[in-house]
Amino acid sequence: MLQQLTLLEQDGFTFQYLNGIANLFGFWRTTDGNLIPEHLAQIEPPCSLSLPTDELLVPRQEAARHLDVRALPTLPAGFKVVQRLDWDNPSDLKPIYASLEDARQNRLLGVSVFGHHVWWLECSESGSPDRNWRYRVWHALFQWIAAVGSILITKLDHTFPDGPRMVEVIIPPRLRGEPIDPAGLGRQHARDALTVRRAADGIAARVDVAEAWLQQLGAAANDAEVELIAAVLEGLAAPGAVTRAVLAEAVRAAIGSADWRWLHIRESLTPLDYLAGAGLIGAMREPSLSAHSLAKCQSVWTFWDRSRGLEVTGEDNCKDFLANYRSTLLAELTARIRVMNRQELVMACAGQYQAARAEQEQWRSTIRAIRAIRGTAADVAAFKRQNGVNSVARAAKTICEIAACEAATTGGLMPYRDDLDELFALALLIVGSGRLFALIGAGLHEPELRISPAGDLLSDHSVQTTVLRPTVELMNRRVLDDAAESYLRRRSREQPGEPSEQSAWTPALCAAIETEYHTPVDSFINLQYALARMAEARHDGVFTMRRSELANVLNGDKDFPSDDVSAFLKRLTLPSRAHWLDVSAGLSEADFNLSRFDRPYSIINRPFVALDDSTDPLILIAPIFVSDGCMYSFAGLREGTLNNTYWTSDATRAYAGSQGHAMGERFEDDVGDRLRKLGLDVWTRRALSWALNMKVDPALGNIDVLAISPDRRRVWVIEAKNLRLCRTETEIASRLSEYRGRMTRGSKGREAPDKMLRHMRRVEFMRSNAKALCSRLKLNSPPEVRGLLVVDAPQPMNFFAAGQLADGQTVMLDAIDDFQF
């Protein structure tokens, strides 16, 4: 914020904030981190801004309410100063307090307050120190106490004496993702693993947690935590006042859900599980508001003179402006990266990527419990956090790729948190400018740009709010619903309800993988696990080594199923270039366009990042880069969703193309099957000439699905497409450019109908010849002919200009049962 203030003052703005820096902060937050309100376009330097003197009131009120500093009675006597533990959700501040003084001494001591009841809890370890695990258990205990404390005090009158009480919980070291035996789980097993020992005075107690209790956390229900909190409540209650069994049932009744829980363990199955279980993944850190604000501030003035105005209009002018904007931002980002140490910077970025993936997995694997705790707000919070995960992952890979070309190979600065914050914020600005360029080029964004008085680029975000957000929200709910169901299956060792019709590992798929990656399929799959084992052995989640050294280690690994992986590792290596903007022969700028996904020269396709251009380069090894890259490539190859340039082998390209065609036909059959169950007569992949019993121009194409309504009055000409989910505005622009029902101009300047217009022309031709349908379809009278587009994943057509095309209505296959045929 102060750096931003300095930049604006250098530009000729002065700020009068008589009530000090807290007043400045309040105003900065009110303006969404801009300091100069964006809508005041008439403001230009030199200009003096006198800030309202009461802007510090709200921050001070929030601080007082959130911290809620108190002095509470403790044992054996006296008082201790504490403050509120959590204030992430200001609308639901819980009566949980902690002592900072004790925290500084590595002691987890906290307290919950319910009127005259003051309940102190401390968490200690019986084994090797693990601060993160100890904090998680301690935090979970207080969440339970806050949820049920007041209810039980009222329900079990005279059970809990007034005044301070104290319970210490002694926990064993956490398990390392060992297999869970469902037969060994249950309420009695959990209860037997907990022992309550009272002090002689009766007002303090200790709960000893046996290692057997940890296994109970692998159960689908929350019995382990219910029994633990019942044991704690037994220690808080008057001696002999109540049994633990009664307390456990009272806790269950107060919570009302077997899914309400805070602690989870599971068997390690993926490299991400193994790294997280070994404590090799740190915390994800989203770029702060101040970093975003600093990156935007005056970002336009580096190439645009204020005298040229604060508005840019016209498609060509907007495109030129955005191209210059992107180039300027990239130059600034590159300059900052050059002063950083290459190896340290790429390792820090890879670490943040792995942290983001672990955060994503944590939310998905616990969403069932979060929904039980937070209700409908859980999905909103998960969606917001997913956006943060996406931002960190995208920025981390962007910086990593550029740093491999530009950062200092010797010396250079060590990147700290603030450095990463600012670099990530700049990277996201660059990516965003590329998306805006695509939207304007596709006609989905008005060719109008505005510049704020502080030199920030402003634009209309209606496409994001009307198309991208609903699409991603819908897909996010799908993912979370599946995660909630798989939570139960994974803990009960149940298989998914619908087994696949055939093995995914067909001989043709295996041959395509082996041709592309020059290694057996077993090596392709097991590389990620071998790297996770190496990381655990080195106690580093991310590390570097020469490619030949990695090959030697893998060749000598008895658990790795290959003897020579040199060609395999080379295929997975992202080459280093002298400079980021250098484009080698045979490549193009599109191969390094940071706004594009699925680039052939990107970390997702080549997850070993080379840090020099030698024949045996030093490479960055991030196991989750490799895991995500290999699994993404495998899925894209099996389903035919990755474009030809992604692959290096002609045979693999051919296989991917054939799979894409086969998946398309399978989706057409799925649509047909669903419609038959709804009572419609259905044919798939039919020529118009077949349906009309007449000669038809081949340019009109074929019908994916032809259906007759149950009342036999309507014929539906259905375009069935298993289109991929659009992940960015760039992909939205590309998809909508194919399905807007318009003529398009190709790369050679020729005009042709887009996919939607071709479909609409087929429908119109059928409509104009409806009488000819009677013979083939055995109809008594000419039917009404209508068109429909059925898709598998949410598409921008579902939300953008929905209903504007008479025969272009779009419906998802999941919702087809509710469609009125």
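## A residue at the end of a strand

A residue counts as buried when its relative accessible area is under 20%, as exposed when that area is over 50%, and as partly exposed in between. In this predicted model, A687 has a relative accessible area of 26%. A687 is therefore partly exposed.

A687 belongs to strand β18, which covers residues 681–687. In sequence, A687 and N702 are 15 residues apart. In space, their C-alpha atoms are 4.5 Å apart.

## Confidence in the model

The mean pLDDT of the protein chain is 90, and 97% of the residues reach 70 or more. Confidence is highest in strand β17, at 98, and lowest in helix α24 (residues 729–738), where the mean is 78. Over residues 497–502 the pLDDT falls below 50. That stretch has 1 contact in the model beyond near neighbours in sequence. Where pLDDT is low, the predicted coordinates should not be read in detail.

## A sheet of four strands

Strand β17 is also part of an open sheet of 4 strands, in the order β14-β17-β16-β15. The pairing in this sheet is mixed. Strands β14 and β15 (573–574) are its edges, each pairing on one side only.

The pairs can be taken in the order of the sheet. Strand β14 (residues 543–546) runs antiparallel to β17, and 4 bridges join them. Within β17, I619 is the bridge partner of M545. Strand β16 (residues 608–610) also pairs with β17 in the antiparallel sense, over 2 bridges, and here V609 stands opposite L620 of β17. Strands β15 and β16, in turn, run parallel and are joined by 2 bridges. T573 stands opposite F608 in β16.

## The side chains of β17

Which way do the residues of strand β17 point? The strand spans residues 618–621. L618 and L620 point one way, while I619 and I621 point the other way. All of these residues are buried.

Helix α13 (residues 342–374) lies across strands β14 and β17. Its direction is at about 20 degrees to β17.

Helix α19 (residues 547–555) lies across β14, β15, β16 and β17. The angle between helix α19 and β14 is about 95 degrees.

Terms used
Residues numbered from 1 in each chain as written. Predicted model: local features only at pLDDT ≥ 70, side-chain atom pairs only at ≥ 80, totals over all residues. Heavy atoms only, no water. Buried < 20%, exposed > 50% of the residue type's maximum accessible area, 1.4 Å probe, protein only. Pairing = 2+ DSSP bridges. Contact = heavy atoms within 4.5 Å. Axes fitted to C-alpha atoms, helices over the stretch in contact; angles between N-to-C directions. pLDDT = per-residue confidence, 0-100.
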